[in-house]
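Reader: I'm new to this one. Can you walk me through it?

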Amino acid sequence: MVKVEIDNRSGFCFGVVNAIEKAEQELTQDQVLYCLGDIVHNSLEVNRLNDAGLKTIDHSRFARLKNCKVLLRAHGEPPQTYEIAKLNGIEIIDATCPVVLRLQKKIKACYEQQGEQTQIVIYGKIGHAEVNGLVGQTEGKAIVIEHPGDLEHLDFTRRIILFSQTTKPLDGFQQIISAIQERICNKELFEYHDTICRQVANRLPQLKQFALQHDWIYFVAGKKSSNGRLLFEACKKENVNTCFISDVEEITEPLPSFVRTVGVCGATSTPKWLMEKVAARIQQINN
C-alpha cells in the first residue's frame, strides 16, 4: 500500500492567489476581460481561466486594444504599460503583487534620487516579466545580473545599488553581494537591499525537508516556471527519486516496488487542484 502526501506549503503564493481571484471576480460579471501575459506560469491553470472567458494577450495586442478591461498579473508592469492604457481608454485591473509593487516604488525612488551617476543593479532573470517591470522604473537604465559572470558589465569605480527580483534564491543573492564587495574599489560605494519575498524564499528549506521524508517525489509545475525549475532541482538534490511532471497524464506506470511513501509538491505557480489530481492518480495506479 502506497501512502501519498501533498505538501501543504506548495502551491500558489499570495500574489498569484490575488490575481486569480480578481480575474474570477471580473469574469462573473460577463464582461470581456483580457490578461496581459499568462496569469500564472502553469498552462493548465491558464487554460482553465481561458475556458472561463479570460483572453490572454501579448504586449503588441495590448497596444492595439481600445476601451476595454485588462488584468495586470502579479509580476507587475513598467510605467509604459499604464501610459498606453490611459491613451487607449483601457481600464486596468491591477493585480500586481504588493511585494513587487513596493519594490517597483523603491527602485523608482532610488533612480529619481540618484540619477544616472549611480548604477542600479537588479539580480534577476533577463526578460522575466517582473524584471521588465523593475527595469522600467529606471527608464531602462538598470543593469540586470543573472550570474556572477554578468558582473563584468559593472563599473566598480562607481556607486552601485543592488536589488533583487522577488523570487530569486537567497543564496544566489548573497553570492552576488559577496562578488561585488570583493571587487568594489571603495566599500562605501556599494549598498544592497534584500527584496526577496520570504514566502517564496522559505519554500526552499521547507521543500528540502519534505523531499527527505518520502521514498518518491512527484514535483508538479509548468514548464515555463523558473521558480518551478529552481525548486525541482533543489528537491532532486535531496531525493534522487524526484520526478518533474506538468500534467497528471504523464503518470502512466506503477512505482518501483521499494516505494512506500510518495510526496506530491510543486511551485508557487502550481494549483492545488492539480496536485490533488496527481495524488489521486498515484493512488489509482499503485493501489
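Reader: Let's start with the rings. How many aromatic pairs are there?
Author: The count comes to seven aromatic pairs. Keep in mind that this is a predicted model.

Reader: Take tyrosine 123 and phenylalanine 173. Stacked or edge-to-face?
Author: Tyrosine 123 and phenylalanine 173 are stacked. Their centres are 6.2 Å apart, with 25 degrees between the planes. Planes under 30 degrees apart count as stacked.

Reader: Where do tyrosine 123 and phenylalanine 173 lie?
Author: Tyrosine 123 is in strand E6, residues 119-123. Phenylalanine 173 is in helix H7, residues 170-183. The pair therefore ties together parts that are 50 residues apart in sequence.

Reader: And tyrosine 123, buried or exposed?
Author: Tyrosine 123 is buried, at a relative accessible area of 5%. Phenylalanine 173 is buried too, at 3%.

Reader: Different ring now. What lies over the face of phenylalanine 244?
Author: Arginine 229 does. The distance from the ring centre is 4.4 Å.

Reader: Let's go back to E6. How many bridges pair E6 and E8?
Author: Five bridges, and the pairing is parallel. Isoleucine 120 stands opposite isoleucine 161 in E8.

Reader: Why is E8 largely enclosed by the rest of the structure?
Author: Strand E8 covers residues 160-164, and five of the five are buried, so the rest of the structure largely encloses the strand.

Reader: Which way do the residues of E8 point?
Author: Ile160, Leu162 and Ser164 point one way. Ile161 and Phe163 point the other way. All are buried.

Reader: What joins E8 to E9?
Author: Three bridges, with the strands running parallel. Strand E9 spans residues 190-192. The bridge partner of leucine 162 in E9 is tyrosine 192.

Reader: Where does the chain cross from E8 to E9?
Author: Through H7. That β-α-β crossover is right-handed.

Reader: New topic: the open sheet. Which order do the four strands take?
Author: The order is E3-E2-E4-E5, in parallel pairing.

Reader: Which strands stand at the edges?
Author: Strand E3 (54-57) and strand E5 (91-94) do. Each has a single partner strand, so one side of each has no neighbour in the sheet. The twist averages 30 degrees from one strand to the next.

Reader: Which helix packs on the sheet and touches E2, E3, E4 and E5?
Author: Helix H1, residues 14-27. The direction of H1 makes about 165 degrees with that of E4.

Reader: And helix H4, what does that lie across?
Author: Helix H4, residues 79-87, lies across E2, E4 and E5. H4 runs at about 145 degrees to E5.

Reader: How many bridges join strand E2 to strand E4?
Author: Three. Strand E2 is residues 33-36 and strand E4 is residues 69-72, and the two run parallel. Cysteine 35 has leucine 71 in E4 as its bridge partner.

Reader: What about E4 and E5, how many bridges there?
Author: Four, in the parallel sense. The bridge partner of lysine 69 in E5 is glutamate 91.

Reader: Last one. Where does the chain cross from E4 to E5?
Author: The path goes through H4, and this β-α-β crossover is right-handed.

Key:
Residues numbered from 1 in each chain as written. Predicted model: local features only at pLDDT ≥ 70, side-chain atom pairs only at ≥ 80, totals over all residues. Heavy atoms only, no water. Phe/Tyr/Trp six-rings, centres within 6.5 Å; stacked < 30°, edge-to-face > 60°. Buried < 20%, exposed > 50% of the residue type's maximum accessible area, 1.4 Å probe, protein only. Lys NZ or Arg CZ within 6 Å of the ring centre and 35° of its normal. Pairing = 2+ DSSP bridges. Axes fitted to C-alpha atoms, helices over the stretch in contact; angles between N-to-C directions. Contact = heavy atoms within 4.5 Å. Right-handed = clockwise from strand over helix to strand, strands pointing away.
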